[in-house]
Amino acid sequence: MKKPAFKKCLLLLAASLVCLLSLFEKDSLSYSPLVKYEEEMPDAGLSLHAIDVSQGSSTLIKADGCCVLIDTGERCRKRELLNYLKGEKVRQLDILFITHPHSDHYGAAIDLADEINVKKAVLPSLPSNIAADDILWEDMLSKLVQCGTELVFAEQKQEYLLSDNVKIELLGPFIKEPQNLNEVSLCFKISFGNTSFLITGDGEKQVEQALLDEDIAVDVLFAGHHGSKTSSREEFLEKAGAACSLISVGKDNPHGLPDRVVLDRLSKYGDIFRTDLDGSVVFLSDGENIKVIKEK
């Protein structure tokens, strides 16, 4: 989709309108800020929440009563994740997508299943030469089965309709001979009307190269691999053509992310939102325009 002068992507920063709830759980961590949808964008039919789970990734997608979660962050961040979901009144997940078996993307799933009903989990199918990063992966799978979750190991492209107008496309890219866990990352394009978003997990060079064969023109890009220079290559960014980007990354993380080279690349295309600086970031779409709300 072409977006002259950002006509289709109205990025209005409204951090002052984010409402911090005063409710606390037993561990004294507050609930997430709730977006006042009726005040922000009355006709918003889609919201994407980049949840601040420190050095990790988790994205909540809400549309027409459906709730989908892409990744969960580390297990040690389970309380931040669960508080956010409760603050957004999420009691059930229609689908839990796990992009790949690195614990900063799936670690909290085992505890999530204990507190929130997960109807279906879609996970990458691992080739024989690739193993998950630790035993927690098998524990998570066992917990999901125990809780009655349907497990689907993705091996081909698939479309998921959340409403008549909201679609999640699983693009794969299903690298034939992946060399590491990042290369099995599942990638998603979320579309509503004339607005769209792209999430690539920790996809690196081979994943981005494969995605060049897909329709990846979007308004908002969730930058791959937490802003690492292994991702967000120039050719990929140019084809995506996003008017802004989101980096899920922890403050003062030991990896030095996001990389300055990547920030320079992304800045040429538009605004950059970062969970380490902005906290949780919410994207609201009415099918024509996108509004961005920051926690901080």
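Among the elements that cover the buried residues of helix H5 are helix H3, helix H4, strand S7 and strand S8, where buried means under 20% relative accessible area and exposed over 50%, with partly exposed in between, for a 1.4 Å probe and protein chains only. Helices (H or I, at least four residues) and strands (E, at least two) are DSSP runs numbered from the N terminus.

| Element covering H5 | Residues |
|---|---|
| helix H3 | 103–106 |
| helix H4 | 109–115 |
| strand S7 | 120–124 |
| strand S8 | 150–154 |

This is a predicted model, in which local features need pLDDT of at least 70 and side-chain atom pairs count only at pLDDT 80 or more, while totals for chains, interfaces and linings use all residues. Residues are numbered from 1 along each chain as its sequence is written, and side-chain values use heavy atoms, leaving out hydrogens and water.

Within H5, which spans residues 136–146, the buried residues are Leu-136, Trp-137, Met-140, Leu-141, Lys-143 and Leu-144. They lie on the same side of H5 because they cover an arc of only 160° around the axis, the arc being that of the directions from the helix axis to the C-beta atoms. Val-145 and Gln-146 are exposed on the face turned away from that buried side. After H5 comes Gly-148, with a positive phi near 85°.

The open sheet is built of 8 strands in the order S8-S7-S5-S3-S2-S1-S16-S17, with mixed pairing; two strands pair if DSSP finds at least two bridges between them. Its edge strands, S8 and S17, each pair on one side only.

Note on methods. Contact = heavy atoms within 4.5 Å.
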